[in-house]
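Welcome! Please take a moment to look over the sequence and the 3D structure before reading on.

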Amino acid sequence: MTPKANRPLPVTMAECLDRGWNKVDVVLVTGDAYIDHPSFGIALIGHLLEAEGLRVAILSQPAFDNPDDFRRFGRPRLFFGISGGNLDSIVANYSGNGKVRDRDAYSADGNPWRSSVRDKKNRRRPDRACLLYGNLARAAFKDSCIILGGIEASLRRFTHYDYKQEQLRGSLLTDAKADLLIYGMAERAVIEAAKRLSSGKNLDGIRGSCERLSPREFEARFLPDDEQLTRLPSYTEIKDDPEKFLEAEQIIDRKSRQYADTILVQKQQGGWLIQHPPAAPLNQSELDSLHELPYSRRPHPEANIPAYQMIRDSVTIVRGCPGNCSFCAISRHQGPAIISRSKKSILREIDAITRQPDFKGTISDLGGPTANLYLTSCKIGSCPRHDCLYPKVCPNLIIDEQGFIQLLKEASTRKGVKHLFVSSGLRMSLLLKTPTLLKTIIDHHTPGGLKIAPEHADDDLLVLMHKEPHSLLIEFIKTCRQIGRQLKRKIHFTPYLISAHPGSTVKEAENLGGRLKALGLRTNQFQDFTPSPGTLSTAMYVSGLHRDTSQPIHIPKGQAERSRQRKILETALKPRKSAKRHFSHK
């Protein structure tokens, strides 16, 4: 069935009947309010499956006290696709210190509660949403196929740390007893799974997926000395020795960045977790096509959703990041390969935005995980490391400065566009190599402060974070202020910082405050380190060991110490009341 232009996927059975459907092929479940916009994974996957001729319905923020909502569309012909949403549900529901969040940017009005009673049972998004949703789907239809996906499933696919429970947990696939887990950006794997289920085939061996096998099934499929297998420390070994957790995460990280043609296996409580090699990244034309599917670009049903208000008039121009920061899960989920959309596709999306009836003339962002990685490529094609920016920019990284400048120029002159900003994070080391682009962004495309992410100012701690040394920030600030003098304007910066990262003591916090203050930087953009699943920083937090040397490091775990470090930074770097925000012009 050919989808009609620019309309959201159905969220009720009445909407399905309006399309002439009396049953659906796929039900996609999400912990977010449904926003039919290409910045949201559930919309991407839903429209992609629809483009394959499948009947797809969205079950958004279902009640989780019983399985009734999961019966809304009947038993899906192919599968339930379960996602926690755009964030891991524990990260969405709790701060890094385990405090309940009173705001959910992915819910209507930012309200995480279904009623005035602030109880776990009344949250719009449950804790460990994939696990609970999977169980409810199984309760609704015992024989249904259940596939887990999205960032929560992706980062919890192996033994992982749950900071709310302060304990290690087994694979989400093992706990949920689902039929399959798709990790990373799921396009290729989900289409393959749908095709196999449509033709009555099994789901064995799909690239980009994980399976759970009983000991007998594992022995039947793999030989003990199979060279294709890489065995991770088991769940039991990690529980008994947290140092094994760091070892396992280092292997997963290395193999992920290599796009290794290797099967990772980890023994779980009652069986085995099998990760098949990753699916190949989309190419440019495939990424273009994905972002130009017929999205309505609006919430459905209509609602005031903060995350939507932030990105409604934004355009994703690049996917992936080879920065591999220790605290970041982008490389683990999106992958380190840089895929840039074509200029023509981006301009077509901008034209579509300008035709929206409530468009006010401002494109809020042309970006991605790191905006100025757009059009970068590798001189030698690729390498196993995919670590292009640390400790300095790789000499094989090709940067197309003029290509990005030309995109900004043409996008700014589209009919109806009054202002065009780059609001995504920018990598300072790349900007220093592209002075004309830096000047262009500062002069025409900066909304308020220039967003940068030094994260810290202590070189030893920056090594733990897998970030460039503090001298880079000093050089960058100096260069920007020189540009500011040329333009006869003051440059404002919005630096993002992490407090209480593994390895940080009160001394490092004091040094950070002092060094940034000496540079004339002020900010209220602090992030207390959150030991979320799927990062090497979390592995350091759990093991107490340095990521590179395996030597013991200080771990600020107690609430008192973490709060003290945060307070030091807030006191030293609090913005002056008299400071005025500067908004750039076209």
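## About the model

The model is predicted, so to speak of local features pLDDT must be at least 70, side-chain atom pairs count only at pLDDT 80 or more, and totals for chains, interfaces and linings use all residues. Residues are numbered from 1 along each chain as its sequence is written, and side-chain values use heavy atoms, with hydrogens and water left out.

## Two helix pairs

Start with helix α15 (residues 401–412) and helix α17 (residues 435–444), which pack at an angle of about 20 degrees with axes 9 Å apart. That makes α15 roughly parallel to α17 (angles under 35 degrees count as roughly parallel). Helices here are DSSP runs of H or I with at least four residues, strands are runs of E with at least two, and both are numbered from the N terminus. Axes are lines fitted to C-alpha atoms over the stretch in contact, and angles run from 0 to 180 degrees between N-to-C directions. On the α15 side, E401, F404, I405 and L408 meet P435, T436, L437, T440 and I441 of α17 (contact means heavy atoms within 4.5 Å). The residues of this contact divide into 6 nonpolar, 2 polar and 1 charged. Ala, Val, Leu, Ile, Met, Phe, Trp, Tyr, Cys and Pro count as nonpolar, Asp, Glu, Lys and Arg as charged, and the others, Gly among them, as polar.

Next come helix α20 (residues 506–518) and helix α22 (residues 559–573), packed at about 15 degrees with their axes 9 Å apart. That makes α20 roughly parallel to α22. From α20, the contact uses V506, A509, E510, L512, G513, L516 and K517, while α22 brings R564, Q565, I568, L569, A572 and L573. By class, the residues of this contact are 8 nonpolar, 2 polar and 3 charged.

## Spaces inside

Rolling a probe the size of a water molecule over the atoms shows where empty space is left. On a 1 Å grid over the protein atoms alone, a cavity is a set of points where a 1.4 Å probe fits but cannot get out, a pocket is an open set with protein on both sides within 12 Å along at least five of seven lines, and lining residues have an atom within 4 Å of a point. Grid points are joined across faces, edges and corners, and a volume is the space filled by probe spheres set on the points.

How big is the largest cavity? Its volume is about 350 Å³. The largest cavity is lined by 29 residues, with Y259, P278, A279, H333 and Q334 nearest its centre. Its lining divides into 14 nonpolar, 9 polar and 6 charged residues. The second largest cavity has a volume of about 120 Å³, and among its 14 lining residues D253, N324, C325, C328 and L536 lie nearest the centre.

## Backbone details

Which peptide bond is cis, with omega near 0 degrees? The bond from H300 to P301 is one of this kind, and P301 is found in the loop between β13 (298–299) and α12 (306–311). A cis peptide bond also joins Y390 and P391, with omega about 0 degrees. P391 is found in the loop between β19 (377–378) and β20 (397–398).

Finally, look at L375: although not a glycine, L375 has a positive phi of about 70 degrees.

Technical notes. Parallel < 35°, antiparallel > 145°, perpendicular 65-115°, else oblique.
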